[in-house]
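Got the viewer open and a cartoon on screen? Here is a short walk through the model, one selection at a time.

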Amino acid sequence: MATTHTQGAFERSLAALDVGLSRTDPPGFEATLSELVSEPAVGARLPFEGLGLPETVTLDPSPRELEEAVTGVTAASFAVAEYGSLVLPATEDGSEQVSVFCDHHVAVLAESDIVRDIPTAFSRLSEEVGEARASAIVATGPSATADMGELVRGAHGPKTVDVLLVEGL
């Protein structure tokens with residue numbers, strides 16, 4: 001479980017990135033998620049026991065549903081407190097596309113999955129991604145680029161990001 005210090009660092013990092021943070025517990029999950037989602041919405045199955053996405057969120061979206069969706073909902077494997085980074089695993093039902101193509105990304109994160117720093121994150125990545133020969137995206141805030149001088153958000157991915165932190169998982 002993340003310490004209070006680690007959670008505080010994560011909250012400050014998200015605020016600096018202009019990423020929203022909502023907290024809930026498993027009983028309040030669906031209601032809190034509904035407040036964050038604008039339709040049409042697509043999503044990838046959540047790996048958390050007892051938590052699922054509402055029927056208004058389309059699972060296994062077609063390319064057209066993905067293109068038309070306003071919100072994409074995925075799980076984050078873990079987060080890095082000092083940077084506010086989210087590690088988003090690739091899944092068979094297309095979580096990578098769901099997290100990148102929609103203008104608004106909602107990442108669902110278990111409170112216990114916040115790590116303090118990059119060395120801890122690399123150790124965990126090695127275990128979860130490296131040994132399985134899987135892939136994951138490390139996302140730090142909304143998509144942005146300054147290639148042409150001025151910072152532009154939403155250039156290659158979501159324009160806005162919210163983290164839904166589920167306590168007690």
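**Salt bridges to start with**

Across this predicted model, the count of salt bridges comes to 8. Let's visit a few of them.

Select Glu167 and Arg23 and show their side chains: they form a salt bridge, with the closest N and O atoms 3.1 Å apart. Glu167 sits in the segment after S12 and Arg23 in strand S1, so this pair ties together parts that are 144 residues apart in sequence. Both ends are partly exposed, Glu167 with a relative accessible area of 29% and Arg23 with 32%.

Next, pick Asp60 and Arg45, whose side chains meet in a salt bridge at 3.1 Å, N to O. Asp60 is in the loop between S3 and helix H3 (63–68), while Arg45 is in the loop between strand S2 (41–43) and S3, 15 residues apart. Asp60 is partly exposed at 43% relative accessibility, and Arg45 is partly exposed at 47%.

Arg124 belongs to helix H5 (residues 118–130) and Asp113 to the loop between S7 and S8. Relative accessibility is 18% for Arg124 and 15% for Asp113.

**A charge without a bridge**

Stay in that loop, between strand S7 (104–110) and strand S8 (114–115), and click Glu111. What is the nearest side chain of opposite charge to Glu111? Arg23, 4.5 Å away, so with a salt-bridge cut-off of 4 Å Glu111 is left buried without a salt bridge. Glu111 does have a polar contact of 3.2 Å with the side chain of Gln7.

**The sheet and its helices**

Back to cartoon view. 6 strands form an open, parallel sheet in the order S1-S12-S7-S4-S2-S3. Strand S1 (20–24) and strand S3 (57–59) are at the edges with a single partner strand each, so one side of each has no neighbour in the sheet. Zoom in on S4 (residues 71–75), joined to S7 by 5 bridges; there, Gly72 stands opposite His105. Then colour helix H1 (residues 4–16), which packs on the sheet and touches S1, S7 and S12. Helix H2 (residues 29–36) packs on the sheet too, touching S1, S4, S7 and S12.

**Last stop**

Finish on Ser95, in helix H4 (residues 95–101). Ser95 is buried, at 6% relative accessible area. A polar atom of the Ser95 side chain lies 2.5 Å from the backbone oxygen of Pro89.

Technical notes: Residues numbered from 1 in each chain as written. Predicted model: local features only at pLDDT ≥ 70, side-chain atom pairs only at ≥ 80, totals over all residues. Heavy atoms only, no water. Helix = DSSP H or I, 4+ residues; strand = E, 2+ residues; numbered from the N terminus. Buried < 20%, exposed > 50% of the residue type's maximum accessible area, 1.4 Å probe, protein only. Lys, Arg positive; Asp, Glu negative; His and termini not counted. Polar contact = N/O pair within 3.5 Å; in protein donor to acceptor, adjacent residues only side chain to side chain. Pairing = 2+ DSSP bridges. Contact = heavy atoms within 4.5 Å. Axes fitted to C-alpha atoms, helices over the stretch in contact; angles between N-to-C directions.
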